[in-house]
Structures are given as structure tokens and as C-alpha cells.
Amino acid sequence: MRKHFLTLFATILFSTLSMAQNRTLPSVDVKTLDGGTINITAIENNSKPIVISFWATWCKPCKKELNTIAEVYEDWQDETGVKLVAISIDNSRSMAKVAPYVNASDWDYEVYIDPNGDLKRAMGISTVPHTFLLNSKKEIVWQHKGYVDGDEDELLEQIKKLAH
Amino acid sequence: MLKKITYTFIVSFLTLNSFAQNNSGEIHGDFDLNMQSYQEDDIIGAKAADEIILNNAYLNINYTKGDFAAGLRYESYLNALMDFDDNYKGNGIPFRYAAYTIDGLEVTVGNYYEQVGSGLIFRSYENKGLGADNAMDGIRLKYSPLKGLYLKSFIGKSRTYFTYAEGIIRGADGEININEALNLESKTRIIVGQGLVSRFQADNNPKFKLPQNVAAYSTRLNIINGGWNYSGEYAIKLNDPISGAAPEGKNWANGNALMSSLTYSKRGFGIVAEMHRVDHMQFRSDRAPEKQYIINYIPTLTKQHTYSLLALYPSATQTEGEFGAQIDVFYKIKKGSLLGGKYGTKMIFNFSRINALNGGNSFLNDDKEHNPMFISIEGEELYYKDINLEIYKKINKKIRVTGVIAKQSYNKDVLEKPGNYGIVESTIAIADISYKIKKGHTVRVELQELLADGGEGSWSMGLAEYTISPHWFFAVQDMYNWGNHDVSKQLHYVNVNCGFLKGANRIAIGYGKKRAGIFCVGGVCKEVPSSNGFSLTISSSF
């Protein structure tokens with residue numbers, strides 16, 4: 001048992017060291033708001049930055065983050081060409097509320113649902129909100145756990161670094 | 001044996017991989033640690049732990065390379081936090097898997113999580129905060145032979161703590177997205193699905209001839225047209241008497257459940273109307289009645305509240321039988337209008353009501369037969385009722401306000417424990433104000449009031465939080481049970497928390513008294529004991 005463990009850790013360390021490339025999105029299916037299925041690796045923004053934000057209709061800080069960004073989203077898009085993809089982790093208890101909430105809130109984001117946490121687990125997320133920033137090659141270059149007022153400023157700075 | 005094979009497999013793959021090419025796979029994961037000290041406090045009934053400090057931790061490792069993935073989870077309970085079941089004990093690797101996809105076929109061996117439809121007949125899932133994990137161990141295949149057609153089948157055993165339940169679970173599910181399959185360019189989109197799950201468990205009951213194979217099946221339909229969306233699912237579970245001496249042990253009635261939702265939304269407005277009817281529909285991986293064997297999920301038909309006093313008396317699905325309805329309305333009053341002001345005003349209204357089935361759940365044996373009416377509301381025992389309105393307003397660039405008013409009725413005898421408590425009627429008001437002092441610095445204050453005669457009487461709650469973006473937060477809160485009829489229980493529950501976050505790491509420490517009660521995270525609730533002490537939480541993702 002113990003021996004296996006050590007071998008495993010040593011191997012992982014070794015393989016990690018031998019990898020120089022950036023982190024990419026895992027190949028996991030999510031639900032679209034019109035009942036369809038899409039693989040998350042298929043999201044596109046013509047080589048411009050993409051923000052992926054995990055949220056839920058029952059998560060106050062998540063809604064605060066996305067509502068705050070919604071107020072300035074047009075400016076962000078004009079300035080940097082960024083696209084925001086909001087992934088709801090609402091399960092079948094609150095899934096039906098996602099589309100009405102998104103529409104009523106006037107969000108212009110691309111929204112998907114991850115009802116049994118498959119993408120959440122594949123991306124190593126333990127709590128929401130959790131935000132990722134992807135570069136032109138759709139590689140994850142920055143991430144942030146949680147949201148407090150003002151965090152959107154740091155996100156914008158990171159996006160600007162990619163846009164220029 | 002199985003463990004050995006897994007290790008050898010993963011190790012050889014990784015080694016091979018790192019030698020073979022430079023452009024190799026990726027390794028990612030996350031780590032979580034929750035440590036809590038427990039001091040005795042007679043007044044709130046908190047117990048001290050013999051170990052002084054209890055600790056839960058886990059590490060997930062996922063390896064991916066193209067269409068191949070493998071991973072494992074190391075879990076450590078030394079010893080498990082008091083909120084957790086004692087059966088979580090020691091260290092281990094209870095989760096490991098390997099999977100690949102080729103030409104539309106996805107093969108997973110080892111552990112996996114899966115859900116059929118809404119979960120009425122099957123859901124294996126995990127919620128680390130609540131200690132819930134019924135991962136499957138076995139084989140799963142997913143196949144999409146044609147555009148718009150999604151098939152999956154699986155077989156395995158369901159996890160219970162560090163072991164697996166006796167029953168063998170087999171399942172299959174098919175879904176057709178008619179528009180995708182027929183290449184229809186229609187405004188109306190239709191998706192239909194059919195699922196079947198069956199459990200095998202040998203019958204070794206000397207007295208009764210028990211069914212060894214128990215099936216459950218469900219049919220679902222989703223129709224979308226413009227802003228309209230209808231979704232419905234109906235499920236049946238066949239005769240499945242539970243073991244033990246309770247009267248339910250001699251019930252061989254079939255169970256069934258129906259859930260249905262209709263939503264409409266457009267810019268600035270959304271409405272959701274939902275109903276469900278549940279009758280004798282708990283499905284388990286074993287004939288035993290304990291909660292760790294549950295393998296289906298019947299969503300609770302009430303709003304998931306997060307403000308403490310709104311969530312003080314939460315609802316939970318009565319899987320043996322209930323009828324419920326819920327309505328949500330989302331509305332944004334436009335900017336520049338009289339009520340909207342400069343930034344607009346958001347309103348969320350929610351109403352839900354849950355009651356018993358007429359005469360109780362379906363029942364069938366040699367002495368008794370009962371089939372409840374399909375819909376019966378008037379005169380049936382009320383389980384839960386909630387009517388609430390939330391208003392959010394940005395006053396100016398510095399101040400944002402959320403206000404909530406709610407009225408809740410909570411059937412304590414049904415939702416908590418049988419007694420003669422009756423219905424707890426409560427009225428709740430909340431104000432949540434945040435004020436931006438300067439760039440990155442924000443103060444947030446929450447004031448909550450709950451007025452009630454029944455239960456533990458009235459409560460007040462106050463919270464002050466100071467956040468410095470992007471790294472720091474400090475919070476102090478007090479819940480005060482000033483209205484408890486027992487004067488010795490009119491107590492303050494004070495909690496202090498602070499934390500540091502940077503990128504993918506978050507560290508938080510806390511000190512204070514936690515109230516005994518029902519703790520809800522992500523749609524699931526469980527009872528936790530009261531505690532008093534320090535806590536440390538570390539969460540990290542790589």
C-alpha cells in the first residue's frame with residue numbers, strides 16, 4: 001500500500017515536471033439552456049480572452065459578482081473583446097430557475113448548466129464562485145476563488161494583460 | 001487486488017507518458033482541509049472531543065491527455081468532524097477511475113458519478129461539506145451513435161462511507177433531441193428521454209419471498225418554444241419492501257413520483273411554476289432503510305435560502321409522500337423609471353406549499369391497501385409553506401441594499417422529529433447593506449429578525465463584514481435567541497471569521513459557537529450538533 005503510494009507520488013511529480021505546457025479545459029459535456037448538450041472545449045471567442053465563472057442561483061456572492069460585471073460588461077467587451085461564460089452548478093432542485101433568472105437579470109453571458117457537478121469536479125472546484133481566465137489558445141492563465149466587492153477590478157486587469 | 005491494478009495502471013501510464021513525448025498530458029486537482037477544535041459548553045449542549053482537534057481532508061488528482069483521463073481521491077478523517085458519520089474513519093483512496101473516449105463512445109472503469117433524468121430513479125453524487133458520497137464503482141458506457149441521440153448504461157455498486165452496499169445496480173438511459181437528430185430548423189425544440197435502473201440483492205429472508213430484482217423507470221419530456229420551456233418527468237419504482245420490523249417493512253406497494261415545471265422568460269422578466277407529487281419513492285442500494293443507501297434524488301420543491309434566519313427552518317422532501325407546488329417571479333424594474341431609479345431595481349418573489357398525500361402514501365399487503373388520491377390539497381396536513389419577497393437596489397456608486405420579507409410555516413413533527421410541536425409560524429425580515437469605502441474596501445452589514453411563538457421562539461441576527469479585495473475578509477456575527485421560552489436558552493451565538501485568498505488558495509480561520517440545527521449546502525440538508533471552538537479551512541486548486 002505504502003510502496004504504491006510513494007511510486008505514485010514520485011511518478012506524478014516526475015510527469016508534472018516534464019510538462020511545460022499550460023492548462024487547458026477538460027473534455028466534459030454541459031447542458032445548454034435550450035436542453036441541448038455541448039462539450040465545454042467547444043466554447044469559442046475568436047482568440048480573444050474568455051472568462052469562465054462558476055455560480056448557482058442560490059449563491060449570493062456568485063450573483064453579486066455576475067451582476068456587478070453585467071453593469072460594465074459592454075465596456076469590457078469593447079475594450080478587450082472578452083467573453084464571459086457562466087456555468088451554473090444548480091442541480092435538478094433549482095435548474096428550472098436558471099434561464100428565467102438569467103433573462104430577468106438582463107445578462108448577456110453565455111450560460112451553461114453542470115447539474116451533477118461533472119465539470120466542477122474535473123476543474124477542481126470545491127466552492128462557488130470560482131472564476132477562470134483563458135487566453136487566446138483557451139489555456140487557463142489565472143483563477144480566483146470566491147468574490148468580494150472590488151474583485152472585478154483585478155479580473156479586468158488580468159484580462160487587459162491578455163488583450164494587449 | 002483492485003487497488004494494486006489501479007496503481008500499476010496509473011503509474012505505468014504516467015511513466016510511459018512522460019518519457020514518450022514532450023507535449024504530454026496534464027495533471028490538476030484540488031485540496032481541502034477542515035480542522036475544528038471542540039470545547040465543551042453545557043449551556044448550548046456542545047460536546048468536547050476526546051481528540052481536542054478533529055480533521056477532515058481530501059486531495060483530488062485528475063490526469064488528462066487528449067481523450068484519456070484517470071484520477072483518484074485521497075480522503076483523510078483523523079478523526080472525522082463531529083458533523084460527520086463515525087463510519088468515515090482513517091485514510092484511504094476510496095475513489096479512482098480511468099476513462100477514454102473514441103468515436104463518440106466513452107468508457108469509464110472504476111468510480112464515477114451519474115444521474116438519470118432529474119434523479120428521480122437514480123443519482124450518485126458527492127457533497128463533501130455534508131459528508132455525502134454515493135459514488136458508483138463499476139463500468140459506465142456513454143455513446144452517441146447519431147447526432148441528437150445520447151445513450152448510456154452502467155453497472156456497479158454504490159459507495160457507503162469506506163465500503164460498498166450489497167446491491168448491484170444496473171442502469172440504462174436514452175435521450176433524443178428531436179431537432180438535432182432530424183436536423184429540424186424549428187422554433188419548437190423537443191427532447192424526450194427514458195431511463196431504467198434495477199437493483200439485484202439476493203433474498204435471504206427466511207419468512208418472506210422478497211423480490212431479488214427491483215426495477216425503477218422514468219420517462220421525461222422537455223419542450224421549448226421561444227421564451228417558454230416545459231419540463232416533466234414521471235417515475236415508477238416497483239415493489240421493494242424494506243427490511244426491519246417497522247410497518248413499512250410489510251409494504252409491497254409500487255412507488256411513483258411526478259415532477260413538472262413550466263417557465264417563461266424575456267428580458268427583465270421570468271416566471272417559474274413547478275409542482276411535484278411523491279408517493280413511496282425512496283430507492284436504495286440495499287433493503288435496509290438507512291440514509292447512506294439512498295440512490296435517488298427527489299428535489300425539494302422550495303427555495304434554497306442562504307440568509308441564516310430564512311434557513312433556520314428548512315424544508316426537506318418527504319420521499320414517502322407529499323404534494324407540492326412552487327412559483328418564482330423574477331422582475332427587473334427598468335432604469336430611469338420612477339421605481340427603478342438610476343440603476344434599476346430587481347425583485348424576486350417566491351411561494352411554495354407542501355402537504356401530505358390524502359390518507360398517506362400507497363400501501364399494500366395482505367391486511368391493508370391504500371391508494372391516495374392524485375391531487376388533494378384542502379384539509380391535508382401542511383408540511384411547509386414559504387412566501388417571500390426579495391428586493392435588490394443599487395442606491396448609488398457606493399451603496400447597495402437587499403431587503404427580504406418572508407412568512408414561513410414549518411411542520412416540526414414531520415420535518416424534524418415526531419412530537420407535539422405543531423406548526424412553527426415565523427415572520428422574517430432582513431436588511432443587507434453594503435457600502436464601498438474606497439477602491440477595494442467594502443463594509444457589509446446584515447440585520448435579520450425572526451419572530452415566532454413556536455419552536456425556539458424569536459431570533460435576531462447581526463453580521464458585519466469588512467472585505468479588502470482581492471485578498472482579505474473579516475467578519476463577526478451574532479445570532480441571539482432572545483425569544484426562547486426557556487430563559488436559560490436565551491443565548492448569543494457569536495462567531496468571528498477571517499480569511500486570506502490569493503488566486504487558487506483560500507485560508508480561513510474562525511472561532512465561536514455554532515448552533516445545533518439543520519445545515520444546508522447545495523440543496524442538501526443534514527442535522528449537525530452544536531460546537532464551540534476554533535476552525536481552520538484551507539482550500540486550494542492546481
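This is a predicted model: local features need pLDDT of at least 70, side-chain atom pairs count only at pLDDT 80 or more; totals for chains, interfaces and linings use all residues.
Let me start with Trp55(A), which, leaving aside its neighbours within four places in sequence, is in contact with Cys62(A), Lys63(A), Leu66(A), Ala86(A), Ser88(A), Val128(A) and Pro129(A), where two residues are in contact if their C-beta atoms, placed from the backbone, lie within 7 Å. Residues are numbered from 1 along each chain as its sequence is written, and chains are lettered from A, with ligands numbered from 1, in the order in which they are written.

Trp55(A) belongs to the largest nonpolar core, which has 46 residues, and Trp55(A), together with Val51(A), Ala56(A), Cys62(A), Ile87(A) and Val128(A), touches the most other members. By a nonpolar core I mean a set of buried Ala, Val, Leu, Ile, Met, Phe, Trp, Tyr and Cys residues joined through C-beta atoms within 7 Å. Buried, in turn, means that 20 or more other C-beta atoms lie within 10 Å of the residue's own, against 12 or fewer for exposed and anything in between for partly exposed, with C-beta atoms placed from the backbone. The elements of chain A that give two or more residues to this core include β4 (50–55), α2 (60–80), β5 (83–88) and α5 (151–163); helices (H or I, at least four residues) and strands (E, at least two) are DSSP runs, numbered from the N terminus. Apart from this core lies another, of 29 residues, among them Ala69(B), Leu72(B), Met136(B) and Ile298(B). In soluble globular proteins, nonpolar side chains tend to be buried together.

Now to chain A as a whole. Its secondary structure comes to five helices and eight strands, and buried residues make up 46% of its 164 residues. Strands count as paired if DSSP finds at least two bridges between them. Within this sheet, β4(A) and β5(A) run parallel and are joined by six bridges, with Val85(A) in β5(A) as the bridge partner of Ile52(A). Among contacts in chain A between residues at least 6 apart in sequence, 72% join residues at least 24 apart.

Turning to chain B, the domain assignment, whose bounds come from an automatic or database source, gives domain 1 (103–297) and domain 2 (300–421). The C-alpha centres of these two domains of chain B lie 24 Å apart, and their contact takes 21 residues from domain 1 and 24 residues from domain 2. On the domain 1 side, the largest share, 11 residues, comes from strand β18 (residues 269–279) of chain B.

Chain B also has antiparallel pairings to follow. Strand β13 (residues 168–177) is joined to strand β14 (residues 188–200) by 10 bridges, and Ile176(B) has Val192(B) as its bridge partner in β14(B). On to the next pair, β14(B) and strand β15 (residues 213–225) pair over 13 bridges, and here Arg189(B) stands opposite Ile224(B). Further along, strand β23 (residues 382–394) and strand β24 (residues 399–411) of chain B pair in the antiparallel sense over 11 bridges, through a hairpin of four residues, and Tyr384(B) stands opposite Tyr410(B).

One residue of chain B deserves a separate look. Is Arg96(B) buried or exposed? Arg96(B) counts as buried because it has 22 C-beta neighbours inside 10 Å, and it is found in strand β4 (residues 90–102) of chain B.

How many residues does each chain bring to the contact between chains A and B? Chain B brings 74 residues and chain A brings 52 residues, and helix α1 (residues 2–20) of chain B gives the largest share of the chain B side, seven residues.

Finally, on confidence, the model scores ipTM 0.91 and pTM 0.91. Chain B averages a pLDDT of 90, with 92% of the residues scoring at least 70, pLDDT being the predictor's confidence in each residue, from 0 to 100. Over residues 520–526 of chain B, however, the pLDDT is below 50, and beyond near neighbours in sequence this stretch has 20 contacts in the model.
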